[in-house]
Amino acid sequence: MGNLSYIILLPLLASLIVGFGKLGATYSRLVAIGVIGIQLLVLAKIALVFDPSQVGYQLVESQDWIHLNLGSLGHFVSKYSLGVDGLSIGLILLTGLISFVALWNSKDIHDKIEGYYSLVLLLNASLMGCFVARDMFLFYVFFEFMLLPMYFLIGIWGGPRRNYASLKFFIYTLVGSLFILIVMLGISLAYMDPNETALAFPNLGFHDLSSMQTALAAHEIAPNQIVHSFDLHVLSDPKNCQPNNVFSPQSGFLLGGLSGRAWGFWLLFIGFAIKLPLVPLHTWLPDAHVEAPTPISVLLAGVLLKIGAYGWLRMAIPFFPTEAVDAAGIMAGLGVFSIIYGAYNALAMTDLKKLVAYSSVSHMGFVLLGIASFTPEGWQGAIFQLLSHGILSSLLFLMVGVLYSRTGNRQIDNFSGLATKMPWFTVVSGIAIFASLGLPGFSGFIGEFFSLMGAFTSTHLTPIYAILGGLGILLGAGYLLWTFQKIYLGGYFVRESTWELPDLTILEKFSLFGLGILSIIFGIFPGIIFELSEIFVTNSLNLLFH
Amino acid sequence: MPIQTIFLALLILPWLSAGLVAWLPTKIQVNASIVLAGFFTYLAFKVGHMPENITSYPWFTLGGNAVVASFWVTKSAQLLLLLVSIVALFVQIFSKSYLAEDPKIGRYYSYLHLFIGSMTLLVLTDQIYIFYGAWELVGACSYLLISFWYQKEAPIKAAKKAFLLNRIGDIALLFGLVGLANYFGSSVFSGMHGSAPALIGIAVIAGGIGKSAQFPLMSWLPDAMEGPTPASALIHAATMVAAGVFVGIRVFPFIGEEAHLFMGIIGAISLLAGAIFALFQNDIKKALAYSTISQLGLMWLGMGSSASLFHLYAHGIFKAGLFLTAGSVIHYLHHQKATHQADAQSLTNMGGLRKQLPLSFVAYVIFGAGMLGIPFTSGFFSKENIAGFLWDSAQHSAYANYYYVLLGALALGMMLTATYMCRQIYLIFLGQNREGHKLEKSKTDWLQIIPISLLIFLSLFFWISLNPMDAHESVFLSFFHIENYHIPEFWLGITAGSWILGFGITYLTRRWVPKRNYQFLGFIWPSSYRIAWGLGQKFHQFDARIVDRIVVKFTELQVIIAHLSAWADKHLVDGSVSLVASISRGLGKRLATWQSAQLHRYWFWVFFTLVFILIYLLY
């Protein structure tokens, strides 16, 4: 067992202990924060050991897990295999950090405290699992498992309409995972795992990859001698596909004008798009955010949404490279539409939390635009935007939380001129808002800039997508500055005279300023993040266009 | 100290100063800030003597290409750096007196240092990313300074407007710069050679429209006068607004003539519109703001050539001087018993102030002479140089007629400039006080007198050339590589004619004072805001009523289908299917105890879909 197992098992064990150990409120909190703290230390060690110049997965772990003999359909193998590469390293660090911040700011949770911390730990474990799994089945297990704690966290500790919101979240995500499941089973049945096949049937006498792939294409391997696996690497090579299968590039299968592989791509794309969320599959997000308690909103926006883009970069695009590149225009169009649609909706919001939620939709649109460019700039920008948005949306939701915990209200019109009463809060909110509207010197700028730049210079897209995306930057400045002006500037006013608005506590200062400073560091030295994902991006793009 | 260390110190010092000033105790904040600004000016002079060179620091790697933080010390950058540091220092000294009564003034000085830092980056950088970054940062500093009095409604609205109108231009700049980098295959200005396509060049130039408050994005600048007057002198008169000219100067060698002409035409429109609307302002600062728009238009008329750079510098000095002088007039009226309650910026309350403020009167006249381009001021040389540039370009260009039209606009603009400037001097200092206020003599305030006197000193001719009529052998011009363009003698006649006409019109209309501040294209802002807001509402309705409804209805349909199939299951199907159904119903009951009554139906339906799809895929 290596470090990657620890970052999953630690919170998992702690979740059981907190959930069933009858520790009491204080100790549950301490254990939860302590365990995530230890997890952060392990993550720090992983980050130090990680070699950014190396291609492929590192810190690899692999254990046999499931082996099924399906008779004439061959064998099914799923492994407990973990690894981390340039794409996931940043995301696991982000997950650790945001989980810590969320737990740190969970002081306002007052009932069923043990259950709450137990579920957050469970969520953390499944998120970590998602990002480090090298086996699609294992990924799927973690992916589905995430649903459960999230559903309860919104449904039990949420606001007045929590039932509706949690059910909506549940259904949406389940539909998404259904699409993913279909493709997962289909593609795994279609593909042969050369390594496993050679291991399981040494009598076939194969020793190298290409001879096996040639034999497969020539029908020389009997179906019952094929070992299917969920290994992401195997599934990323179309040459491993059995001939005549719907997922085979040569199959000639058409359904509704789309080939089997195109269906596979779009189903995976939509499955992950729901998580991102991409307009028009986004309507669960504002409801879920508005009803979720602050720390859960932080986790939702900070980490959960990233799985959508992660899924595209890790599965949808590598599995179906040609189809993905063909779809560049549509993807970019959807991305731009999300940017503008999210921004306009945010402009119309009167509830601060909803505004932040729609701003998430808008900002995640840049991720898709960057990915659709299929350029190193665009991809680096997209990955950077994932991490940057993880930090900034957490900061924005914590900002909403500060107001909500003091007044129980989040209507923008109910506040004015808080700068006079809460100078520290105003400074950190100013950082959050200017960073989110893409001011240079903060991380938000780098992600948006390079996504747009990728889209502008891409040979797969016309510049109009980037130019329309630029409109999103303008609208973003509009709604964010409007909010800042309404709430913080002007003469002091709050709707109810009984509302007390003390400035930030020490605990709040720590987490809010910590995230703000992190955003500034990444904004000035983007190389810290670019360096991690550089090899992943260049290598993935080389594979796409080789 | 080696020059490289000084250079690095120059880049970093303002940022540290900003933090330090904010952190220091209130008592010593202001003095510390002035000392730091003085030190910065010293460094700027050191760097001003550096030979032209490129300094690079490693930054990050992207897609296999190393991106360096690269800085290019050019003559134009050095000149601007000197202008910024000098004006910033004077403004800080002046502010100590002007804002003496504000309690928490550290924030203001901290913002000024942030601005200096961003502006330094902007003029020195060679990298398009840093250039764009610094470009946005100066805009943000402008936002912070306009909204300095954040408890009042007008400044915060003005600040927001300034930021948003600037951003419109910024987007054009973003794509222009990326287009340049893509076309030349280099992300540094020093690596761009040749001639870029017209569209890219125009996009870059259009990027400057917002920042330089040119046509049609000009309406933010008069509003921005809600900020503290000394800050306006630095940011909204002398330096930041000139960034739009500076981008033209940086890209001048490698954008085509079409883009140059685009810049000139925008400049000509702004020159005339700004000058006309400067006539129709009641507020002394807003009149100066329109005058700035007009003068920036003049620089744009120079199309980013060294003539633009020259006027940028000359204007920076005398416009900062005008603003500081106007500031001291406002300060004086605000502290008089008779006018304390009145609007200290309104021309209605002025007139005859030469008696109380003789020094300000002299200063205003000299700076005004600079604006008119009267000999013995540096403005004379810089204005003639722009005319010379246009004449020169017309001689060997396929677009000669355009240049002659622009020259005509320049002549008309000079006449209008003479008119509004003389009118302003008349309305403030000459005649009698129009409201009959009884005013006392002003107190001597060295903190105000020294910066203004030094600016007067700097705006005179002998810095440029010892011959007040001819800059032919100017050391200054050759040091900063500014070309001395020539125009035939007849132009001197036109210039003189414009002054005479200007004086004449002023004399004839001297009794008329504008009742309010008329806005040029003022409607663009509120109406575009309304449109965006209305679109937002529409999008939101669409989102709530259609997108969300479709999803909810679709889910409800699933429930109905689930009911039907449950019925079919109960009555029609038996065996394995009914077993599955009963399992899922049992599961559903358990789930129902969690939160919802509908969840189990959903599970049921999901399960069935899954089974069907699996069957389809397998066979």
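In chain A, three strands form an open sheet in the order 1-2-3, with mixed pairing. Strands here are DSSP runs of E, at least two residues, and helices are runs of H or I, at least four, numbered from the N terminus; two strands pair if DSSP finds at least two bridges between them. The edges are strand 1 (58–69) and strand 3 (227–229) of chain A, each pairing on one side only. Strand 1 of chain A runs antiparallel to strand 2 (residues 75–84) of chain A over nine bridges. A:Glu61 stands opposite A:Leu82 in strand 2 of chain A.

This is a predicted model: local features need pLDDT of at least 70, side-chain atom pairs count only at pLDDT 80 or more, and totals for chains, interfaces and linings use all residues. Residues are numbered from 1 along each chain as its sequence is written, and chains are lettered from A and ligands numbered from 1 in the order in which they are written.

Chain A as a whole has 23 helices and seven strands. Its C-alpha trace spans about 80 × 60 × 40 Å along the principal axes.

Now the contact between chains. 49 residues of chain B are in contact with 48 residues of chain A, contact being C-beta atoms, placed from the backbone, within 7 Å. Elements giving two or more residues to that side of chain B include strand 1 (53–62), helix 6 (153–184) and helix 20 (524–571) of chain B.

Note on methods: Contact = placed C-beta atoms within 7 Å.
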